[in-house]
Amino acid sequence: MSIIKSENISFRYTESYNNCLNNISIDINEKEMVALAGPNGAGKTTLFKIICGLIKGYAGNLYLYGKDINLYSNIELAKIISYIPQKDNYIFDFTVYEIIAMGRRPYLNSFGILSKKDKDIILNICDFLGINKIIKRKYSNLSGGEKRLVLIARALAQEASVLLMDEPTTYLDLYYKILFMDKLLELNKKGKTILLISHDINLISEYMNRVILIKEGKVIYDGKIKQVIDEKKLKEVFNFDNFIIEKNKVSGNPNLFFIPTNKTGG
Amino acid sequence: MRVIFVFILFLQLNFLYAETIIDDVGRKIDIKLPISSIVSLSPAHTEMIYFLGQESKLKAVSVNCSFPKEAALKEKAGTFLNPDIEKILKIKPDIVISGGGIQKKAIKNLENLNIPVIVLYPRDIENIADNMYLLSFITGCKDCPIKIKNFSTKVKPQINKNIKIYMEIWGSPVMAVGGTSFINDLIKRAGAQNILNDTKQEYPKISDEFVIKNKPDIIILLYEPEKNYKEKFRFKNTPAGKKNQIFVLSKEEQDVFLRTGPRIVQAFNKLTEIINRINK
Amino acid sequence: MKKHVLIFSLIILLFFAILFSLISGSIKISIEELLNVLIKPYFNSDNSLIIYKIRLPRILLAILVGGILGVVGSILQAIFKNPLVDPFITGVSSGAAFGATIAIIFNFYSLTFFAISGAVLTILFVYKLSVKNNNLNLYNLLLIGVMTGSFLSSLIMFLSAFFNKDLIKVVFWLMGDLSITNFTLLKYSYFFSIIIICLCIYFSNDLNIFSLDEDEAKISGVKTEFIKTLYFLSSGILTGIAVALSGVIGFVGLVIPHIMRFFTGPDLRILMPVSFIGGAVFLIICDTIARTLFLPAEIPVGIITGLLGAPIFIFILIRRK
């Protein structure tokens, strides 16, 4: 079933002359794991903001579960779309538990009292992600990887159908990168739709099942991993030559290998 | 207003009766006369009370009421800027005299506590006499009107001798005596003309050029200026400067110019003395 | 620190602050005499007049103003995600001060009315200019608020300089004064303020979420436009009431939320009420000192809040390290 569908979405920021997005039409179904990739400034983050309901003045239509996004209330939207930001500039030092509890907002009254059910849900999520030990610590004191897990936990507390992520693994070390993506796979198996922006072609290749390549506000390619991740297509979208695509010997998925320029020594 | 007071004074009734007083800002106050206890928050009016010989009725004064010396021995009711409401409440005077202006909030507080306050704010010398008549009326003082008449004679307006005066009450920044200031009236009465007579402010900041353009014959400073004050542009290049007619008044002399009370006579005399000397 | 322990000890502190303030003043009243007055309120002695008509209203005003400044400080620091913000940054206090200045110079009867009007007009003005397409832009709000505040302050100084005989009246009003004997005014001020503050506390969890990131808050279901409008208008009206009643008393709104946050954490559901009580206690103590330290003169309370507040804050900061 179509969960997110955009029809000819075009958008221009008021300060610029050119369109940021040009007639973007994509259709994402339930339980897909989709990656959005493309050069910087291609419009990926803008598209995300539109899907999240943060940007309104665009041309075209956006449907969630077949219904126009403007017909949903704030709370209803929050039960469909959840978001994990790339960076956080949090001034106030809330604890991990308090931050995860914020994710329950769509189900609470304004004062935010948690019921037993809410508390159970939060604890289950912490179990699932393995962050029980750090629940009482201040969020600002955690490592990058731990913070990322807490933000996933918050998004999961929203119990939304879709998880949107903007370059979620950029600041993670190897351990947390893999841990993070493994958890995503698990969530996907449990029924969550995943849509993420990433620059890491290999990560996309190994974990996602569909990739959309965007360049200059237009969808250039959209399809399964093995079809889209090939040298010719990537070179066209990224305008960049120094790499080759080869089949991963273990997983069988296309992987990207850089060809260093002659300037640096071996 | 003055006519009504004088008329009632001639009746000279000696027993207590309620009266409605109208003060200098138009407020109506109902009090039983004659009064027997006063708190004065206005230094000028403290002086008036002593001048009229009614100081036995004065129960407390503000800290700023420095003259006469006996006033310092009276109970203190706060400062001019911050009257002590608690103390006044404890004393429960028949009337409180306020100089208005910055005491407005204190006045409101006192009114809320049902303590009668009259605001007296003499704007010129005639008002000083009016205030004193009012005070003598409410204290039931029989021999006061004579004293006040005597006072009025001493500050009788003199003929205009066409002499131009410029006065400053402060030098940095320059605060000159303006057209609506009390001292302006003093100058007029003394027979001279304030070069700032037409300004609408009390103590405006004046430019050097204005002073020079208006050629004052006499300059009087009501403060202690810096050492080379005579070199100042606005002093040097005036007839006053050239003929050495710049007067710096001593602290005591300054006080009598700035207090709108009975000692204004001394200020008046000083002015007329300076003016007559130059007239020769 | 356990939340219950904190609130309890603050209330005890408030009680003692009130007691301290009731026995202090230019007329000496001992604790015995005070108890006498409190037990027999109908008995019309000198002391009872002083306690009930002078000191108690003053203390009640200090609680209201100190409390408002504390709460508004915590709100604005959350909204602007900036711990250096104080209640006067929105320009409201300058608006109230401007209204008061006009009333002082042109000798209008009700200064409070003019001050409130000035505050309200300023809030509406700043709000109108910061809203675009139904979206309240916080960045613009801050800029326009600061600019408007500066402009009005300059206007105040201009008027004071021009009508310089009123200069000292304006300056003294600005420096803050908690004396009040008008019970009706106090009653109405309490009534409106408490309603607004309760509203603010009710939605404070949304403000918690908002204080991390506006976009993320919106995605998790917070009505961000409503929250921004509610808290901006609330803090404007509350600050306007405080300034209209007592002049500009600085430092309370900046420092109290900070200090309280050390003990309660950033959760506004508890930080707001605690900031109210903390602000109230602080202002009562400062006011008592201001009016007794240099008798018979009375120092403007705004000076004491600055002189006391800064060292306390630095002390807590150092101890925390």
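Guide: Start with the word contact: two residues are in contact if their C-beta atoms, placed from the backbone, lie within 7 Å. The model is predicted, so local features need pLDDT of at least 70 and side-chain atom pairs count only at pLDDT 80 or more, while totals for chains, interfaces and linings use all residues. Residues are numbered from 1 along each chain as its sequence is written, and chains are lettered from A and ligands numbered from 1 in the order in which they are written.

Now look at chain B. It has a domain 1 (2-154) and a domain 2 (164-279). These bounds come from an automatic or database domain assignment. Taken over C-alpha atoms, the centres of domain 1 and domain 2 of chain B are 30 Å apart.

Where do the two domains touch? Here, 12 residues of domain 1 of chain B meet 11 residues of domain 2 of chain B. Focus on the domain 1 side. Three helices of chain B each give at least two residues to it: H2 (43-51), H5 (125-139) and H6 (144-154). Helices (H or I, at least four residues) and strands (E, at least two) are DSSP runs, numbered from the N terminus. H2(B) gives the most to this side, with 5 residues.

What kinds of residue sit there? On the side of domain 1 of chain B that touches domain 2 of chain B, 8 are nonpolar, none is polar and 4 are charged. The classes are simple. Ala, Val, Leu, Ile, Met, Phe, Trp, Tyr, Cys and Pro count as nonpolar; Asp, Glu, Lys and Arg count as charged; the others, Gly among them, count as polar.

Chain B also touches a neighbour. In that contact, 21 residues of chain B meet 20 residues of chain C. Two helices of chain B, H3 (85-91) and H4 (104-112), each supply at least two residues of the side that touches chain C. H3(B) supplies the largest share of that side, 5 residues. By class, the side of chain B that touches chain C has 7 nonpolar, 7 polar and 7 charged residues.

Toward domain 2 of chain B, the domain 1 side has no polar residues. Then find H3(B) for the second, where the largest share comes from it.
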